[in-house]
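Subject: Model handover

Hello,

Here is the structure for you to look over. My notes follow below it.

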Amino acid sequence: MKIIKTANYEEMGLEAAKIIIEKVRSNPGTVLGLATGSTPRGVYKYMVDDHQQKATNYEEVRTVNLDEYVGLPETDENSYHFFMKQHLFNHLNIPKNQTFLPSGVAENLDVECKRYEKLIKNLGGVDLQILGIGRNGHIGFNEPGTSFKSRTQIVDLAESTRMANARFFTSYEDVPTKAITVGISTILDSKEILLLASGSSKAEAIKKLLEDEANEQFPASALKHHDQVTIIADEEALQLV
Ligand code: GLP
């Protein structure tokens with residue numbers, strides 16, 4: 001795994017945005033795998049600024065997101081559909097029908113999982129996948145114990161994940177208990193992966209990722225089975241290595 005160390009959150013966002021923009025400029029039909037959370041927000045800000053200043057063209061780009069909460073419709077401010085529109089899609093010239101997220105309100109969630117897997121396959125797979133990392137090592141919403149062979153699935157969220165994400169909701173009880181997420185195997189099918197981490201709350205996770213053997217109790221360690229992974233992390237996230 002290649003590591004790019006940055007001074008802080010802003011620089012992490014800038015470095016990641018540069019790689020994404022370069023990819024889009026060299027391959028206008030790129031399939032981007034996108035993530036939500038506080039970590040990629042800075043990346044999206046730089047992508048939006050760049051688009052406004054230098055007119056990087058997203059007309060042919062396709063995007064697939066990692067995950068969505070079960071039970072939250074697109075209009076819910078805490079849904080990942082809402083997040084992506086608010087922070088990225090509404091500010092780029094990407095056609096709406098080229099941005100994909102799994103639905104957390106599909107009538108049949110198992111059918112939705114299969115549909116989403118097929119959709120990614122039909123797009124030709126993900127060229128560049130952006131990942132954050134949970135404090136417990138989750139990627140997407142794949143919690144500790146998830147099989148490295150997993151494909152898109154419905155998962156129960158760990159209590160620690162619900163607590164970490166409660167800051168966006170009115171109360172802890174409002175945080176959904178389930179999510180739909182691409183699987184670890186789905187993530188590993190991406191041609192290239194950028195994992196981002198910022199701040200001391202991620203330091204333990206980054207240490208484990210770099211030092212431990214791959215094991216299913218620490219989902220991000222599956223990335224050791226991929227040969228095109230770059231970690232972009234700031235000094236605080238790298239403070240224990
Ligand atoms: C969420 C998302 C993950 C994200 C992680 C870290 O639960 N499902 O994709 O990487 O939590 O979030 P943050 O970047 O806000 O720390």
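UniProt lists Asp67, Asn136, His138 and Glu143 under "active site", in an unreviewed entry. UniProt positions are given in the numbering used here, feature names are shortened, and annotations may be inferred rather than shown by experiment. This is a predicted model: local features need pLDDT of at least 70, side-chain atom pairs count only at pLDDT 80 or more, and totals for chains, interfaces and linings use all residues. Residues are numbered from 1 along each chain as its sequence is written.

Asp67 sits in strand S4 (residues 67–69). Helices (H or I, at least four residues) and strands (E, at least two) are DSSP runs, numbered from the N terminus. Asp67 counts as buried because it has 23 C-beta neighbours inside 10 Å. The cut-offs are 20 or more other C-beta atoms within 10 Å for buried, 12 or fewer for exposed, and partly exposed in between, with C-beta atoms placed from the backbone. Leaving aside neighbours within four places in sequence, the contacts of Asp67 include Tyr80, Pro102, Gly140 and Val182. Contact means C-beta atoms, placed from the backbone, within 7 Å.

Asn136 lies in the loop between S6 and strand S7 (153–156). With 18 other C-beta atoms within 10 Å, Asn136 is partly exposed. Residues up to four places away in sequence not counted, Asn136 touches Glu143, Pro144, Ala158, Ser160 and Thr161. Glu143 is itself on the UniProt "active site" list.

Val182 is in the loop between strand S8 (178–181) and helix H6 (184–188). It is buried, with 29 C-beta neighbours inside 10 Å. Besides Asp67, Val182 touches Leu66, Gly140, Thr152 and Ile187, not counting residues up to four places away in sequence.

Now strand S2 (residues 31–34). Val31 and Gly33 point one way, Leu32 and Leu34 the other, and all are buried. In a regular strand the side chains alternate between the two faces of the sheet. S2 runs parallel to strand S3 (residues 62–65), joined by four bridges. Strands pair if DSSP finds at least two bridges between them. Leu34 stands opposite Asn65 in S3. On S6 (residues 128–131), the pairing with S2 is also parallel, over two bridges. There, Gly33 stands opposite Gln129.

Last, the ligand. Of the 14 residues around it, Gly37, Ser38, Thr39, Gly132 and Gly134 come nearest. A residue is near if its C-beta atom, placed from the backbone, lies within 6 Å.

Best wishes

Conventions:
Two residues are in contact if their C-beta atoms, placed from the backbone, lie within 7 Å.
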